[in-house]
Amino acid sequence: MSAPKGLEGVVVNSTQISHVFGEEGRLVYRGYDIGQLAGKASYEEVCYLLWKGHLPTRSELDALNQAMRSQRTLPDEGATLRLLPKTVDPMDALRTGVSAVAAMLEISGTATYEQALAITARFPTIVAAFQRIRNGQEPIAPRSDLSHASNYLYMLTGDVPLENHVKSLDTYLVLLADHGMNASTFTARVIASTESDLGSCVVGAIGALKGPLHGGAPALVMNMLDEIGSAENIKPWVDNALDTHKKLMGFGHRVYKTTDPRAEILRDMARQSSTPEFFALANGTERYALDELHRRKPDQRLYTNVEFYSAAVLNSVGLPRDFYPPTFAISRVAGWTAHILEQMVGNRLIRPQSEYVGPQGLTFKPVDEREAVTA
Ligand code: ACO
């Protein structure tokens, strides 16, 4: 019996880490609804929650902060990133940087909490160093007196960031840290199930996140809003896109059949952090797009996904568009590594089958006797 295309609706494992209640529009991390955590818990507290299963006490959080802050530097001080063309996609730079760091730290054997922490702590340093290098600037050394979110923004510019920017980015990092059995997490778990090392699992997950059907959408949302440009152009632009069977970026989800709770929180954040003109354009586009999607495809139950207002929030803290996917990865690595650790408990190799629909019974001919195959 073959599974539905895209494994839609297939339950591939059990997990205690997070769950998307798609019909109810709820996302739960270790028992906490996302609304309980966003804006209240720091990204570091959520890392601890995902890795250890409970929120840290003050002393546990102090120990985690101390460990993460002391492991931010890159073993090669960015030498690997300097070898890359300056035009390379930042996700390719992150993938290469993580692979190099994991090898230089000699991460091997069964995945551990310490390895998860060591890799997570260095994600912002890799991303920020590449931004500096591609702009012909020297990377800025991390500061151990700043939080994960604050230090990331600091390493991009060398300026201590505004408090409201840190708050926005920290909340974004909390919202995106895990999300059930999404494509990149599943990738990480498949690699972990072969008993490969944690670095390899994370590198594979970065590759899965890069695609526009997963983490690559927010820059495309900004491009879409640029193209729309004005309130008057929303209707003709959206109508034309849907008439020509284009997907509207930032809408639709495999699991949510109602509003994504993260999109609701990000909408409020975008309202506060964007210019009134930009928010009016984004919100007007969202409202018209939803009306049209519901009118044209009532059975599909299409709603705004997390990527639509992520774009506005990341734009408002000053990140360049092609840095939205690596910033998503800076958050999601906490979830990936939590899942890798969980996979190793009672692990069984993930090895499904495929339905073979190719030819059978062909007879081999030596190379000089073969005729060209015409299409
Ligand atoms: N705009 C227009 N129509 C859409 C959209 C959209 N954004 N999303 C889905 N549909 C329609 C499809 O055209 C299709 O309609 P049809 O059956 O009439 O042809 C139907 O809804 C089902 O679409 P699928 O692509 O098969 O649904 P799937 O569950 O595979 O896709 C996905 C989910 C990939 C997110 C899809 O909605 C999409 O491509 N959205 C745009 C890209 C995007 O926003 N990506 C970020 C996802 S969020 C995240 O990963 C963090």
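Analyst: What follows covers the ring pairs, then the charges over rings, then the backbone.

The model is predicted. A search of the whole structure gives four aromatic pairs. One of them joins Trp51 and Tyr113: the ring centres are 5.7 Å apart and the planes stand at 85°, which is over the 60 degrees required, so this pair counts as edge-to-face. Trp51 and Tyr113 are both buried.

A second example is the pair of Phe308 and Tyr309. Their ring centres lie 4.9 Å apart with the planes at 85°, so this pair is edge-to-face as well. Both Phe308 and Tyr309 are buried. They also belong to a cluster, in which ring pairs link Phe251, Phe279, Phe308 and Tyr309.

Next come the charges. Tyr113, the partner of Trp51, also has Lys52 over its face, at 4.0 Å from the ring centre. Another ring with a charge over it is that of Phe21, where the charged end of Arg26 sits 4.6 Å from the centre.

Phe21 is on strand β1 (residues 18-21), on the uncovered face together with His19, whereas Ser18 and Val20 make up the covered face. Strand β1 pairs with strand β2 (residues 26-29) in the antiparallel sense, over four bridges. Within this pairing, His19 stands opposite Val28 of β2. The two strands form a hairpin with four residues between them, and Gly25 in the turn has a positive phi of about 70°.

Positive phi values also occur away from glycine. Most residues other than glycine have a negative phi. Arg301 has a positive phi of about 50° although it is not a glycine. Arg301 lies in the loop between α14 (276-296) and α15 (306-316), and it is partly exposed, with a relative accessible area of 34%. Glu195, likewise not a glycine, has a positive phi of about 65°. The loop that holds Glu195 runs between α9 (183-193) and α10 (198-209). Glu195 is exposed, its relative accessible area being 60%.

Terms used
Residues numbered from 1 in each chain as written. Predicted model: local features only at pLDDT ≥ 70, side-chain atom pairs only at ≥ 80, totals over all residues. Heavy atoms only, no water. Buried < 20%, exposed > 50% of the residue type's maximum accessible area, 1.4 Å probe, protein only. Pairing = 2+ DSSP bridges. Phe/Tyr/Trp six-rings, centres within 6.5 Å; stacked < 30°, edge-to-face > 60°. Lys NZ or Arg CZ within 6 Å of the ring centre and 35° of its normal.
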